[in-house]
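Visitor: I have just opened my first protein model and would like to learn how to read it. Could you walk me through it, one feature at a time?

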Amino acid sequence: ILSLQRVMKSIEFEQGWSVMETGVAKLSRILEELPEPPFLPEEYMNQYTTIYNMCIQKPPLDYSQQLYDKYSEVIATYNKDTVLPSLRNKFDEYMLKELVKRWGNNKVLVRWLSRFFDYLDRYYIPRRALPSLNVAGMKSFCDMVYQEVQSKAKDAVLALIHKEREGQQIDRALLKNVIDVYVGNGMGQMEKYEEDFESFFLEDTASYYSCKASKWIQGDSCPDYMLKSEECLKKEKERVSHYLHVATEPKLIEKVQNELLVVVAKRLIENENSGCRALLRDDKMGDLSRMYRLYHPILLGLDPVADLFKQHVTAEGNALIKQAADAATNQAASSGGVQVQDQVLIRKLIELHDKYMVYVEECFQQHSLFHKALKEAFEVFCNKPVAGASSAEILATYCDNILKKGGGTEKLRDEALEETLEKVVKLLVYISDKDLFAEFYRKKQARRLLFDRSGSEDLEKSILLKFKELLGGQFTSKMEGMVTDITLAKDNQISFEEYLSTNTNTKLGIDLTVTVLTTGFWPSYKTSDLNLPSEMVNCIEAFKAFYATKTKHRRLSWIYSLGTCHISGKFDQKTIELIVSTYQAAVLLLFNNTERLTYTEILEQLNLSHEDLVRLLHSLSCLKYKILTKEPMSRSISKTDTFEFNAKFTDKMRRIKVPLPPMDERKKVIEDVDKDRRYAIDAALVRIMKSRKVLGHQQLVSECVEHLSKMFKPDIKLIKKRIEDLISREYLERDSENPNNFKYLA
């Protein structure tokens, strides 16, 4: 058997390196764009094989380390003899172009040499933990070329950027490639880019825009200044996208914002002639939107804008309140009524809210800061009284006006009414005394329902639903009960009429309508033991008999002050139907049996209080419709007066309503609310102490305020009084060791 053995001839270092030098020289000529054909596959394989063979020889003929050193030496020599001289004799933009070219050549050189010396990268370098060929090649360029030219390159780049900022055209592609040199020489890290270029660029940017801001703030209006600032920010963002590193954008924008917006914020926003106040005053929504866009990204940048927005809305609201108060004073002096002005005020407040809600939604993008500013502004003026009337009463009166038949002074379609009710509920949010509003609203709702003045049951229910969503079921439970009572009362009336038709023995002689109310739902009304005329007594007895057939467990209490009677007045010229209250009817029916009665006789026969009787007789003998005549003739009622039926009375109408002088219920409503507040404070204090057992005075007071603030702002002094009252009633006791602490007594 013959065996053939391949014997490889040893290669000396000088012999092998001479082969490599040929390849390196060829590569250098190609990079310098000298006439040189490209590498053939055979040439490339020859270079690779030579290195391979020189590395796999046994020591001392293994030249791996010498080849590694020679690799670095080749690149260093190229940088020293070729690259640096080419850069040193060029300046500005030409130097940048050369730098970009040399950086590209360096990457090609390293890539080709790494292929030739690939065996080192795969085996020798990992075993010795040496820098890879690519790292060594790049580091050589960084140490020898980059470090020498980076400062000059930075100055040239900044000069070009300055030109572009001043409106000149520049080679953006060149700048992008130069930036890549800074980033590439960091070899995966950003320190070189940040320290050698970015920090100087940001400093230069700050200086540039500081000068611009100083110049613009002197000569430009706020809108013009903002337009320029917005355009600058846009261009800086474009600059990043075209040639800067993406990591620079937030730092760059922050610098520009600081110089153009933060430093001059006070002067810009508070500019007397064109700042935020002027923009709000002149309804410049576009400019306000721009102001929001510019200052929104800046920490606390919107605070002064929101503060001025709040001040502006507050000033406008206060002006409306003053205008309404002045108009009410003038109207009260001339005609004795202010209600129309109250309605105008609420309408204007709704319009004001609508207007600035659009600002919040469109200009300020629903930002919570502006919602808060609008809320706080409205809370300021929405809780100011007008001509002695609280805002809670005025709003309740407005609701009453639009819910009445015919819409009162507000002639609106159902859709518009529904929308208006929505806006009323939004205003209610800003009123601190919601319990006072509830009581006024309930009083007026009761009169609408009882006297059939409500325009729509659906709208009555709709607004209650809105109140319920806003303030909870407890707020509306009594109001809802009133609406239910009226519905049940209608069914009850039908049953009563059926009862009368089946009981032929019961003959009333007059039409009777009775509304049965649930005591807990309705406002408290004054009751009296009025001596009714016999005709009315028969009616009441008939209804009592009917009601007894329905239930045995309820007691009827008659409220004559809410009754209405239609009676025929037979005067000399014609018969006129008089629409009067039950009390007025009782007075007039006395004159069926006698022509003349003294004040004292009327008082004894009807069993009324002096106050009530004076009011009744005044309405019948001293006002527009003088159904009775009195002696002596005067505008006031005296206990010595005598009254007669005025047979000569006439009127062009066949039916007239004889009104009673209105009673001022405001004082009673406020007293009732104050009483309810005491109960609410007591309940809140007991509830808190029941859960906490022991609590300090200050904490108890603050928790009580927090519990109750949804409905009203409790007075701190009143809370302290209620605490003392609960101690005296043995619900609470003071801690013997610390008098500032309270204990709950189970």
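This is a predicted model: local features need pLDDT of at least 70, side-chain atom pairs count only at pLDDT 80 or more; totals for chains, interfaces and linings use all residues.

Visitor: How should I think about the direction of side chains on a helix?

Guide: An α-helix has 3.6 residues a turn, so residues three or four places apart point the same way. Now pick one residue and look around it. Phe200 is found in helix α8, and at 36% relative accessibility it counts as partly exposed. Leaving out residues up to four places away in sequence, Phe200 touches Lys154, Leu158 and Glu195.

Visitor: How many residues apart in sequence are Phe200 and Asp155, and how far apart are they in space?

Guide: They are 45 residues apart in sequence, while their C-alpha atoms are 9.0 Å apart. Arg267 and Gln218 are 49 residues apart along the chain, with 9.9 Å between their C-alpha atoms. Beyond its neighbours up to four places away, Arg267 touches Ile217 and Gln218.

Visitor: What about helix α25: what span should it have, and how far apart are its ends?

Guide: Its 12 residues (610-621) should span 16 Å at 1.5 Å a residue, and the end C-alpha atoms are 16 Å apart, which agrees. Next, see what is hidden. The buried residues in α25 are Asp612, Leu613, Leu616, Leu617, Ser619, Leu620 and Ser621. Their cover includes β2, α23 (582-589), α24 (599-606), β4 (628-631) and β5.

Visitor: Is Asn106 buried or exposed?

Guide: Buried means under 20% relative accessible area. Asn106 has 1% relative accessibility, so it counts as buried. This residue lies in helix α4 (residues 92-116). Apart from neighbours within four places in sequence, Asn106 is in contact with Ile75, Asn79, Gly137, Met138 and Phe141.

Visitor: Which residues touch the most other members of the largest nonpolar core?

Guide: Phe117 and Phe309 do, in a core of 158 residues. Helix α6 (residues 133-165) gives the most to this core, with 14 residues. Both domain 1 (13-188) and domain 2 (191-299) give residues to this core, so it lies between them.

Visitor: Which residues is Phe309 in contact with, leaving aside its neighbours within four places in sequence?

Guide: Its contacts are Leu280, Tyr356, Tyr359, Val360, Phe364, Phe370, Ala373 and Leu374. There is also a second, separate core of 37 residues, and Leu578, Ala585, Leu590 and Leu628 are among them. Back at Phe309, the rings are worth a look too: Tyr292, Phe309, Tyr356, Tyr359, Phe364 and Phe370 form one aromatic cluster.

Visitor: How many aromatic pairs are there?

Guide: The count comes to 40 aromatic pairs. One of the pairs, Phe543 and Trp558, is edge-to-face, with 6.0 Å centre to centre and 80 degrees between the planes. Phe543 is in helix α22 (residues 534-550), and Trp558 is in the loop between α22 and β1 (564-570), 15 residues apart. Phe543, at 1% relative accessibility, counts as buried, whereas Trp558, at 22%, counts as partly exposed.

Visitor: What kind of aromatic pair do Phe571 and Phe645 form?

Guide: Theirs is stacked, with centres 5.2 Å apart and 15 degrees between the planes. Phe571 lies in the loop between β1 and β2 (575-581) and Phe645 in strand β5 (residues 642-645), so the pair ties together parts that are 74 residues apart in sequence. Phe571 counts as buried at 6% relative accessibility, while Phe645 counts as partly exposed at 31%.

Visitor: Let me zoom out. Which domains does the assignment give?

Guide: The domain assignment gives domain 1 (13-188), domain 2 (191-299), domain 3 (563-663) and domain 4 (666-744). Taken over C-alpha atoms, the centres of domain 1 and domain 4 are separated by 84 Å.

Technical notes. Residues are numbered from 1 along each chain as its sequence is written. Side-chain values use heavy atoms; hydrogens and water are left out. A nonpolar core is a set of buried Ala, Val, Leu, Ile, Met, Phe, Trp, Tyr and Cys residues joined through side-chain atoms within 4.5 Å. Buried means under 20% relative accessible area, exposed over 50%, partly exposed in between (1.4 Å probe, protein chains only). Helices (H or I, at least four residues) and strands (E, at least two) are DSSP runs, numbered from the N terminus. Domain bounds come from an automatic or database domain assignment. Contact means heavy atoms within 4.5 Å. Rings of Phe, Tyr and Trp (its six-membered ring) pair if their centres lie within 6.5 Å; planes under 30 degrees apart count as stacked, over 60 as edge-to-face and the rest as tilted. The expected span of a helix is 1.5 Å times one less than its number of residues.
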